[in-house]
Structures are given as structure tokens and as C-alpha cells.
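Subject: Handover of the two-chain model

Dear colleague,

I am passing the structure below on to you, together with notes on what came out of the analysis. Please read the notes with the model open beside them.

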Amino acid sequence: MILPWKIIKLLVWVLFTVTLSLKFVAVSFASTVLTLENCHLGEIRAQVKCGKLDVPENYSKPNGTKISINFAVLPAIDNSEYKTPLMFLAGGPGQAAVELATALNRVFREVRKTRDIILVDQRGTGESSALACDLEAIDNVYSALSDALTPEEIKDCVAQFKGDVTQYNSENAIRDFDVIRAALGHEKINIYGGSYGTRAGLVFMRMFPESLDSVILDSVGPIEVPIGMFGQSGARSFNLLIENCKKSESCHKAFPDLAQEFQTVKARLGKEPITLDILHPRLGTPTQLVLDDSKFTGNLRFQLYGMRGRSMVPLVIHQAFLGNYQPLIGLMAQNEGEQMVYTGLLFNIVCNEDMPRLSAADKAIDANNDFDGKNSHQAWDMVCPYFPEFRPNEAFYQSVTADIPTLILSGDLDPVTPPSNGEFSAKSLPNSHHIIVENASHTVALTTCANEIVNEFLTSKLPKKLDESCLKDIPQETFMTSVNGVQ
Amino acid sequence: MRDNSSMNLYLYQLKSLILKEYKEAFRDKRALLVALMMALLAPVAIVLMSKIMIEKLVDEPPVYVNFNGAEYAPKLIKYFADNNLLNLVDAPVDEKLIWQQRNIVMDIPQDYETDMAQGKPIKLYLRADFTDKAVGPPVRRINNAVRSYSLSIGYKRLLLRGVDVRLLNPLTLVEQDTAKPDATFILISMMLGIYLMLAAFMSGLSVAIDSSAGERERNVLEMLLCQPVSTLQIVLAKLIGASTISIIGVVLVLVLTSLSVGLVDLTKIGATFTLDIMTSLTLLLLLLPICFFASACQLFVAFQTKSFKEAQSTVSILIGIPAFIPFVVSMMDDRPQWLNWLPVAGQSMIIENIFKGVDVNWLAFLATSVVTIAITVTLVVVLAKKLRSEKVVMALS
């Protein structure tokens, strides 16, 4: 009874899934190393699928050391009509895509109705041989200054890395992604890259254009613009905030001298760091706040990434001007102790793929701004000399020209990947369209209705003929004017 | 040689009898259509029910509130509007009257702005007839909106005082549903399960009664028994006739449902339902014995009764079984092992598992099928024996 039934089942399977059988071959080819099982991820209620795949650490030595790549599939809710899945390429560099599952499941819920969403921990992040070390856990963000890191600590950190760190580069990450695509049995996929994920996406387009159905680049870090120089872009974003405050009646009334107050506080802290006795925002026990100008502007810069953070910036500056640093402390507390990126991979990639291309003159131009000067270079200057060296080949730095339907998104208020970045890719990619969202900041599809446009684009593949009307309804940025609430 | 020819004769007679039953069953097209009506209505009911459920679960239709003092709290009003809670004055003409009657009123105090700036608690007053059923959901939504808006301000107030706002959420309960990722919309699978059982039991019902109690009253049964055929052949023919109609009913439910669920966008509520060929075939195979079992039960009972009328009312009670047993089984938390073996109960548990996406337990499948067939065979044999007695044939007792 049981056996013939299985044979019938198999026959029917073969009959009705001629197209699928191709994929079957692909899976069985890689099945010695691919595992995929049901699992719970983050705060997603339903089960999803988690997998691991062994890949060569060095692709030019396929039989050499293997590393395990962690990935997850948020399966399509209705997969009756097979649609090509969407792979999410995380930012950073150094964010682990699988760790973002909860938020992505929410943002891409429309996409997930009919498409699998594939999340891969880029090698060096998450559970894919993370490049992490004790340095990640800075004990006290309140009392530590940003230049407190010593060369010894950095050297110790680098010494903790296992494996050949020079293989943890963008191109190998893309090779991993494409191997996972094939192992999951997909002939083609769509990719969404956000922030550094756009750089990864562009590399993907150059290396494996035949694997891609369509591409979304959100807040672009093009090959043409080295990652890491955020002086000018940060100042631009900050000055837009100051202008928008001026335009807003309530904000201008509450903070008429905002720009001047900011410069005053910066100069005051630049002259001499202040030390304040405070209560630890989380522990409630006495501790100290040590604040200098670069810590001050660094925390403000971080708020510029999103609309919620931006809405508090004028108030925080004004209160600091009055000598009240509690609002700033509250901002610092929001993500205290949470690891946002795997810094080992962050430095490994930026120090080797982007920094070597910058001349002293480039850096001087970038540092010539009235927001935070050369502070955004500080981390690279301090850490990069101690990281193992590798250099991508020249092809890596060529503009990407793949003829794949591509949707490019930029937020006008973005402090790190301004719309001018997106223009580089819009120019070099023939089948692309660049949408600049006026009242949005970094990664617009993750924070605005642009995710609906992404969904539409995945279906139509026509980047120039999308319904962009919902973007007009995004309100102008508004600002908090009192520590007691919105009004 | 002789054995073979008598066997051939036996089969030939059986075939003639079955043809006779089919002719009887299919003659009255309207009666047949009514008998299959249940099966035809199943997909309609399933689609309608799902649509209503989905609407209740996800749709947030506009609610119009009569705000007093909206001008004192423009940002609050904007937040309400983002949640589709709108000002009554903006209601479209066709809806205005309804909302004026419901008359949900919110009072916003005049000193809202100064109290907010000074950190004083503010009271908003919501007035409505809370016993009015139509007022319930809007009030709930207003409540939620006020609570989350209030919380978001509270969070910011603490943040701006240098407090780690994560302190406000000491515990978070993360629910992890262990259902298979491809588990289907429970409502549809439950309804379909019951409909399939009902189709198996109900579609052949009228044919079974007509070919037993009906034929007796029309004196056709006597004629049949006078022919040189065995009573077993007669019973078998009647069984096959009635259960064919049941099977048609089940197939109709499966085909029409698989076609019609496509009309519902279940993804709205994060669910899906596909009745693919494999699942349909498995379900059909599972229900085949039930179709025969149902017809055998109905024939058996109908022959025991004295009149057509009595047969109708008695057999109708039998229909309770397919509706009642799956319901009881689904309510039971600890199911005793022997339930797996019982006809109807065993099948309905397997159906439940199929829809949950659990792999079919082929052993249980086999067991319940064998038991069902065994009971059916017993019923047929006993009935054939009984038909030899005049008491049953003439409805004497």
C-alpha cells in the first residue's frame, strides 16, 4: 500500500513539475552541504526556514578550507504561482541579514505574499564566521570617548579573527550569495540592496548578471564613491534639517538661532571635554558622562539617518546650549549595548576596498565642512593601519553597466548616501530609474511607502513606469519643540 | 469451466441490476441536482465565509467621530486621521447620516496645548451608546489609537530626560507558532472537512431511500426479488448506485472548492489555501470507503423501516453523524487511540492533518479504511440475509 502510493506520488510529481525538476537537480547537486529546516526567527510568529551551506573560504581553492554560510528563507505565503524570490543584501558593511528578519518581514509583507524572501548572513557577520571580538562591547558609552581605542586593543581584536581574513571581501560575499541562490534551486532572483547592500548589489550585477531578474538599489553607495567619507554628506543633511526647521513655524519660533547654538556648543566642547555626574540611564546608578565635540556631533549624525531621530535634533541642540545634556543622554541610551554591525567585517572591507583609493586631498575636501569636520574619518584613520591588507582587482572599480531592470531610490535628507550617489548608478545602468524621495532619509524603502513601489516594480520590472504618487503624501519633516511632547 | 461461466452470469446479472439502479437514480435530473446541491453550495459558502472573516480581520474602514475642540490638538487629530479615524464634518454625504446617528463624540479640552507643554495629564472624553453593536469596533480602535499616541509621547518625554526608554518594556512575550509554515487558513480547512463528510453522507441519501423503502412502496422490490438473482446482488447493486452519487458529490466539492478559493485573497491575513492534485486525490481516496459506508448505513436503516416516510425521517438522523463526529473530535484535546480506527472519526482526523500540512500517516489511513470497509461489508451481508425474510420485504414485524 505504502510503496506503490509513493511511486504514484513520484510519477505525478514528475508529470506536473517539469519546470521544477530542473531545480531539483540543482538542489541535489549541492545537497551534500545544504541544510534547510523549519525554525523560529526573531519575533516572527510563524515558522520560517533556516539553512546553512558550506562554501570554500577561498574560491580559487575549491577544495581548501570551507566556511559555513548562514541563511534564512521567509517563505512566500502563497507560492502557488512561482515568482522569483527577493534576496535582501544588508548594509554596513557588517550587518547580518538574518538578524534583521523581524523588521524585514514587516517591511516586505506585500512582497512576501507571493515571493520567498532570502536573507543571507554575509561572510564575516552573524552566524557566517563573524569577524567579532571583545572590542564590540564597549562597557560604558557614557564615560568613554570615541578616541579611547588603543592600537593594542585593535591588534588584539584582529588577532582573534579565525581564518584568512583577506577572503572576507565583497566579491567573495557575492559568490556566496549566488551559490545559495543556485542551491535553493532558483534560476534567477531579485535583489534589494540597502546602503552598503547597494554596493554588494552592484558587484552582484557585474559578476553574475544572468542570475538577476531585477535589482533595487536603495540609498546607493556606488563604486565611484568610496565608502567612509561622510563629512560633506553629513553636513548637507544637517543643513537641510536647519533649513527645514527655519521653514517650520513652530520650530523656528522655538529655536530661532539653531545653527548658531550648534556652533557654540561644538566650540565649547571642542575647547575642553566636559564631565558630568549622571545616573546611568539603564542601571539607574551614578556614573559619569564625558563629552567632547566629536562625541556630540557623532551622536547627532546618527540621528540624521531617520525621521524620528531628526525630529529631536533641534531640541537636543537647544537644550545642550542651555547646559542640559539629558536629551542627548536619552538619545545615546536608545541603542546602548546593542550591536548594530559586525565591526570586524566593517573595517576589513572599508579599509581595503575603499580607503586606499582616497588621497589626502580627497580627505581634506571632505573634512572642509561646518558640521563635524573630519570626525567621520577618525575611526578609519585609527583602525585601518592595523588591519590585514588585500586589494581588489581593477575590474572591481569599473562602473557597473549591466542591462538589468533597476530601481534606484534615494532619500534627499540622507546623511551618508546622498541623491548624488544614486545619480552615478542611474547614469551607468541603462535600464534604470532614480527616484529621489524629498522627505525621507536613509534607506527609504524600509521607512516609507516606497516599499509598495518596490513591490510593484518586482512585478512589472518597468522602473520608469511605476506609480510614485504615494511619495507625495510623505509629510515635511516636523520637529519636537518641547521636552514634554509634540506640542 | 462451469465455475467460470456461473461467475460470468453472476457478474452479468449484477451489471444489469447496477444499470437499473443508475437509470433510476439519474432519471429525475432535478431530484439529482437537489441531492447534489449541498456539494454545489459548499464552495460558495466557503468563499463567502472567508471573505467576511478576512474583512473583519484586516480591514479598518473609516470611522467618523464628532470631535469637540479638534482645533486645540491638531497633531492628535492628524494621528487619528492616519489611523482612519476621521472628523465627522469630513464624512461623505452617503455615510454622514449613519455616523450622525451613531454619534461618537470626543471632547478635547481647551487647555490641551498648555497642559501638554507643562506635562500635566490630559483627559479626553469619549461619549457614545456603548450598547450599540456598531459602536463597539470604532470605540476599540479609538481606544487603541489614544493609548499608542499617549505612549509614544510618554516615551519621548522620558528619553529627553535621559532615561533609557527600553526600561518601559521589561518583558516582551514573543509568540512562536509551531504550525507548519504552509499550514492553511483554519476556517477553510475546517469547513471543507465537514463539507466533504456531509457530501459523502448526503448526496446519495435520496437515492438510497428511494431504492429501498421507495421501491418497496412502489412494489418494485417484490418484482426484483422474484427474479433469479441473489439478494446479495440486489443489495450490492443498490449500494453501488447510491454510493456513486456520493462520490460524485465529494468530487464536486473538491473540484469546485479548488477552483473557487482562488477568488479569496487569503494572503491578506497571512494565510494560503491550495488544493493541489495530490491533496485532492488523497482526500478522495480517503473518502471512498466513507461513501460506501454511508450508503450501506442508509440502505440498512431504510430497509428496517416500515414506510417511505419513516425511512426519510430515520435516515435523516444519520446525517448527524458526519457533522457531529468531526466536531466532537476537533474539540477533544486528548484523543484516545481507538478513535483513529473508527469510521468518520479516523478520516476526519486524517483530513485535519492533511490541511495542517502534517505528512499523512499512511498506517492510520490504511487502518481506518480497512475498518470502514469491514463494517460496510458486514452491513451488506446482513442486509442481504435479511432481504430473504418476508418480514423485511413486506415491512412486517
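How many Å separate the centres of domain 1 of chain B and domain 2 of chain B, taken over C-alpha atoms? The separation of these two centres is 55 Å, where domain 1 consists of 14-55 + 183-393 and domain 2 of 60-168, with bounds that come from an automatic or database domain assignment.

Before the details, two remarks on conventions. This is a predicted model, in which local features need pLDDT of at least 70 and side-chain atom pairs count only at pLDDT 80 or more, while totals for chains, interfaces and linings use all residues. Residues are numbered from 1 along each chain as its sequence is written, and chains are lettered from A and ligands numbered from 1 in the order in which they are written.

Chain B

An unreviewed UniProt entry lists "transmembrane region" for residues 31-54, 185-209, 239-261, 281-303, 315-332 and 362-384 of chain B; its positions are given in the numbering used here, feature names are shortened, and annotations may be inferred rather than shown by experiment. Residues 31-54 of chain B are 100% helix and 0% strand, with 36 Å between the end C-alpha atoms, and residues 362-384 of chain B are likewise 100% helix and 0% strand, with their end C-alpha atoms 32 Å apart. Helices (H or I, at least four residues) and strands (E, at least two) are DSSP runs, numbered from the N terminus.

Chain B also has an open sheet of four strands in the order S2-S1-S3-S4, with mixed pairing; two strands pair if DSSP finds at least two bridges between them. Strand S2 (85-87) and strand S4 (125-127) of chain B are the edge strands, each with a single partner, so one side of each is left without a neighbour in the sheet. From one strand to the next the twist averages 35°, with axes being lines fitted to C-alpha atoms (for helices over the stretch in contact) and angles running from 0 to 180 degrees between N-to-C directions. Strand S1 (residues 63-68) of chain B runs parallel to S2(B) and is joined to it by three bridges, and Val63(B) stands opposite Leu85(B) there.

Met223(B) lies in helix H9 (residues 220-226) of chain B. Met223(B) counts as exposed because it has 10 C-beta neighbours inside 10 Å; the cut-offs are 20 or more other C-beta atoms within 10 Å for buried, 12 or fewer for exposed, and partly exposed in between, with C-beta atoms placed from the backbone. Met223(B) and Leu287(B), 64 residues apart in sequence, are 34 Å apart in space, C-alpha to C-alpha.

Where the chains meet

Contact between the chains involves 36 residues of chain A and 33 residues of chain B, two residues being in contact if their C-beta atoms, placed from the backbone, lie within 7 Å. On the side of chain A that touches chain B, helix H1 (2-16) and helix H13 (326-334) of chain A each supply at least two residues, and H13(A) gives the largest share, six residues. By class, that side of chain A has 18 nonpolar, 11 polar and seven charged residues, where Ala, Val, Leu, Ile, Met, Phe, Trp, Tyr, Cys and Pro count as nonpolar, Asp, Glu, Lys and Arg as charged, and the others, Gly among them, as polar.

Chain A

In chain A, strand S1 (residues 35-39) is joined to S2(A) by five bridges in the antiparallel sense, with Leu36(A) opposite Gly51(A). S2(A) is in turn joined antiparallel to S3(A) by eight bridges, and Asp54(A) stands opposite Ser68(A) in S3(A). The loop between strand S2 (48-56) and strand S3 (66-74) of chain A holds Thr65(A), which is exposed, with 11 other C-beta atoms within 10 Å. Leaving aside its neighbours within four places in sequence, Thr65(A) is in contact with Glu57(A) and Gly163(A).

Strand S7 (residues 212-218) of chain A is mostly covered, six of its seven residues being buried, and strand S6 (residues 189-194) of chain A pairs with S7(A) in the parallel sense over six bridges.

With best regards
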